Amino acid sequence: LAVVQEHSESLQNTYPHLVPLQDSNAGIRQAMTAVTTMTRQLQTLSGAEALRPKVVELNSLVERLPAVLKSILPVRVEVRLALEPAIGRIFADPAQIEQAITHLAQYCGGRIQKVGTLTISTARVVMEPGLWPRHLRRYVRLTMEDSGCSLRAQAVDEFLEPAWDANPSRPNGLGLFTVFNAIAAANGHFSIESESPSGAQFVML
């Protein structure tokens, strides 16, 4: 991949005026991005990717994501942030958390068939004694809500299974399973909520 990337960058810098060549080169870069993403997903699934947890300001991490998401989401999807200030910090691998949020955003973007919104919100959560999850009481919650179709009539547990969806060009099922594993590796919880007639909420706790 490093060799291909080097040659791709050389073509981009040497022949910027050759439009057909640059169009082909853009396809090469997209394929490289897809292969890199798939490799990281498979490493996560196999447990081969080493975690490097540290104290992370979740709001700061999320605030950097819109620029990244703009390059991978359809133009019809508008990303909105609703971040609660001073929510505290978490102890996790920032690369894994960013990867989980990015994969989840890509999944949600694929659910929006027309013009729609993707809202990412954060909040502090204090669980009452006896409620799930039981071993901790104070959490930082990240919620991603899309304006796609409702999931009420579907078994949400199936979305967490590592399987390919109807579109073979993008492994949404694997991506969602990667999200679940990344959050679990940080001793967190991942759930899917879809009670309204449209849209769904994907919650990281």
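Mentor: One definition to start: two strands pair if DSSP finds at least two bridges between them. Helices (H or I, at least four residues) and strands (E, at least two) are DSSP runs, numbered from the N terminus.
Trainee: What kind of model is this?
Mentor: This is a predicted model, in which local features need pLDDT of at least 70 and side-chain atom pairs count only at pLDDT 80 or more, while totals for chains, interfaces and linings use all residues. Residues are numbered from 1 along each chain as its sequence is written, and side-chain values use heavy atoms, with hydrogens and water left out.
Trainee: What is the mean pLDDT of the chain?
Mentor: The mean is 76, and 73% of the residues reach 70 or more; pLDDT is the predictor's confidence in each residue, from 0 to 100. Over residues 166-172 the pLDDT is below 50, and this stretch has nine contacts in the model beyond near neighbours in sequence. Contact means heavy atoms within 4.5 Å.
Trainee: Back to strands. In what order do they sit in the sheet?
Mentor: The open sheet has five strands in the order β2-β4-β5-β7-β6, with mixed pairing. β2 (77-83) and β6 (190-193) are at the edges with a single partner strand each, so one side of each has no neighbour in the sheet.
Trainee: And in which sense do β4 and β5 pair?
Mentor: Strand β4 (residues 116-126) pairs with strand β5 (residues 138-149) in the antiparallel sense, over nine bridges. Val-126 stands opposite Arg-138 in β5.
Trainee: Pick a residue in β5. What is Thr-143 in contact with?
Mentor: Thr-143 lies in strand β5. Leaving aside neighbours within four places in sequence, its contacts include Thr-119, Ile-120, Gln-201 and Phe-202.
Trainee: Is Thr-143 buried or exposed?
Mentor: Thr-143 counts as buried, at 8% relative accessibility. Buried means under 20% relative accessible area, exposed over 50%, and partly exposed in between (1.4 Å probe, protein chains only).
Trainee: New topic. How many aromatic pairs does the structure hold?
Mentor: One. Tyr-107 and Phe-202 form an edge-to-face pair, 5.8 Å centre to centre with 80° between the planes. Rings of Phe, Tyr and Trp (its six-membered ring) pair if their centres lie within 6.5 Å; planes under 30 degrees apart count as stacked, over 60 as edge-to-face and the rest as tilted.
Trainee: Where in the chain are those two?
Mentor: Tyr-107 is in helix α5 (residues 94-111) and Phe-202 in strand β7 (residues 198-204), 95 residues apart. Tyr-107 is buried at 8% relative accessibility, and Phe-202 is buried at 0%.
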